[in-house]
Amino acid sequence: MPRYVMSHRRAGRFLATEKLASRAALASTWSRVQQLASTNVVFDGRPEDELARRVVVFDAQPGELAGIAAAAGPDVLIEPELLRWPSIVYPPQFRGLQKTGSFAPLAAAPAGRGRTFEAEAFSHGEPLAHATVYLFLQGSDGRQTSVERETGADGKVAFEHSAFWTPGAILVLPYCSAWGTVVRGPRSPIAIDCPSLDPGTGAHSSPWWHALFHLKESDRKRGDGIRVGICDTGVGPHPDLAHVVDAGAFLDGAFLEGQAADVDSHGTHVAGIVGAHSRSEGRTGIAPACALLMARIFPPGGGASQADVANAIDALSKTHECDLLNLSLGSSYASEIERDALEDAFERGTLAICAAGNEAGAVSFPASYDVTVAVSALGLSGWGPADSDANLDLPQDADRYGDDNLYLAGFSCFGREVDAAGPGVGIVSTVPERHGFIAPRAEMSGTSMASPAVCGALAVLLAADPVYRTLPRDSSRAARARSLLRQACRDVGLDATYEGAGVPAVG
């Protein structure tokens with residue numbers, strides 16, 4: 001049975017009487033929905049504060065619900081559940097393999113059995129345990145598929161497939177410490193040497209995303225006094241992120257206190273980009289002195305609904321008084337509930353920075369809303385070893401290459417909604433301490449990485465602005481933040497649909 005989310009408008013309802021009337025309209029409509037035979041209540045969030053947002057998650061038959069929804073009125077919002085996903089480039093979607101002409105990874109059919117492909121992954125002579133390995137297979141009829149495995153303690157992995165398939169490429173993604181590496185046209189058995197991420201390895205040692213923003217590495221007070229909230233898969237554990245405030249988890253409409261530990265690696269990577277602490281040069285976040293908060297909205301391996309996105313935005317903006325939000329997530333479907341929460345947050349002085357998306361097409365939601373800042377992803381030519389995953393998605397069109405060896409990442413969404421561009425290819429940041437790894441760091445690509453980089457840069461700008469923190473927590477404050485970002489952006493030689501106003505310079 002389909003799942004639905006119901007809420008009510010708060011944005012633009014500035015008077016208490018207006019907020020009360022909006023919530024009362026929801027209560028009236030909800031009483032009718034509860035009378036439907038098919039209604040199954042998943043969660044009814046009824047905050048004690050009568051002016052706060054109420055969100056209801058329920059299952060119902062569309063036919064029974066249609067009439068009630070049509071008569072609900074403008075203050076009541078009823079939508080099918082719309083899931084958001086982290087805006088990271090996952091390996092099976094790497095179009096870079098297709099552009100080489102050697103292989104196009106499109107999941108289509110099971111691999112079957114009959115033949116075995118063996119691989120061994122290592123770095124600096126040591127086996128890479130817990131690395132994710134993808135074997136991309138091409139059929140004799142042109143179909144393609146992929147198989148995923150994790151290496152053992154010896155760095156070895158074996159795949160089974162039928163004689164119908166021919167290995168087209170293999171991709172190793174180490175959990176940490178080494179570059180993701182691709183080999184095209186591999187033969188079994190194969191040993192794959194993944195170059196180390198360790199600083200001090202020559203041309204790939206200095207974080208280009210710091211240089212792009214003109215950061216002063218010696219200034220460890222960057223972002224001081226600014227509060228940044230993140231809605232993601234959670235955070236840590238990681239010693240460089242021990243200062244991050246656990247703002248709880250928001251799942252299926254419910255709030256779970258103290259449950260923001262990372263259920264993936266994405267949120268920890270995003271948080272590290274914004275504000276990691278480190279004694280090592282180049283390993284700090286963009287704004288290491290900002291106050292950083294994490295709200296987990298993703299269950300393990302699942303998507304986040306607009307109910308949880310809206311509730312997390314409300315908590316970070318209203319309860320925790322965040323100045324900035326980072327949303328490295330999205331999908332192609334607009335949600336009025338999500339939009340209302342973002343507009344409501346803007347009216348409280350909170351500006352949301354959002355990933356534009358990784359589908360190489362139209363800007364996704366929530367980045368597409370006028371009230372948010374949409375960030376596209378840039379890469380730097382020559383960054384990362386030649387066979388690393390950082391070089392899989394180079395653009396083919398000349399107009400996507402700009403100044404100073406920068407380019408619009410081949411996966412990045414673009415359009416008139418883009419407000420700014422940020423570094424999003426081969427970005428090295430924190431990942432959770434697991435499998436015995438101590439203070440691990442890994443490289444990832446996506447507008448998921450570009451968004452927190454720009455968010456961190458804006459935190460640095462706001463901290464240095466003498467006017468910003470004197471403003472009340474209303475829309476003037478959020479508008480000032482947006483204006484300062486635009487003023488700080490410099491053109492990097494790309495079309496405005498690719499880079500918006502450009503890349504912010506904070507130094």
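Start with Ile297, which, leaving aside residues up to four places away in sequence, touches Cys231, Asp232, Phe250, Leu251, Ala304, Asp308, Val309, Ala312 and Leu329. Keep in mind that what you're looking at is a predicted model. Ile297 belongs to the largest nonpolar core, a group of 113 residues, and together with Phe213, Val228 and Leu351 it touches the most other members. Who supplies the most residues to this core? That would be helix H8, spanning residues 447–464, with 11 of them. There's also a second, separate core: it has 19 residues, including Val133, Val147, Trp165 and Ala178. As background, nonpolar side chains in soluble globular proteins tend to be buried together.

Now zoom out. The chain has 10 helices and 28 strands, and 58% of its 507 residues count as buried. How does its radius of gyration fit with a compact globule? A compact globule of 507 residues would have a value near 23 Å, and the chain has 23 Å, so the two agree. The C-alpha atoms fill a box of roughly 70 × 60 × 45 Å along the principal axes. Take the contacts between residues at least 6 apart in sequence: 76% of them join residues at least 24 apart.

Most residues other than glycine have a negative phi, and most peptide bonds are trans. With that in mind, look at the bond from Ser188 to Pro189: it is cis, with omega near -5°. Pro189 is in the loop between strands S12 and S13. The bond from Gly236 to Pro237 is cis too, with omega near 5°, and Pro237 lies in the loop between strands S14 and S15.

Next come two residues with a positive phi. His130 has a phi near 60° and is found in the loop between strands S7 and S8. Is His130 buried or partly exposed? Its relative accessible area is 26%, so it counts as partly exposed. Glu321, with a phi of about 50°, is in the loop between helix H6 and strand S19. Glu321 is partly exposed as well, because its relative accessibility is 40%.

Conventions. Residues numbered from 1 in each chain as written. Predicted model: local features only at pLDDT ≥ 70, side-chain atom pairs only at ≥ 80, totals over all residues. Heavy atoms only, no water. Core = buried A, V, L, I, M, F, W, Y, C linked by side-chain atoms within 4.5 Å. Buried < 20%, exposed > 50% of the residue type's maximum accessible area, 1.4 Å probe, protein only. Helix = DSSP H or I, 4+ residues; strand = E, 2+ residues; numbered from the N terminus. Contact = heavy atoms within 4.5 Å. Rg over C-alpha atoms; globule rule 2.2 N^0.38 Å.
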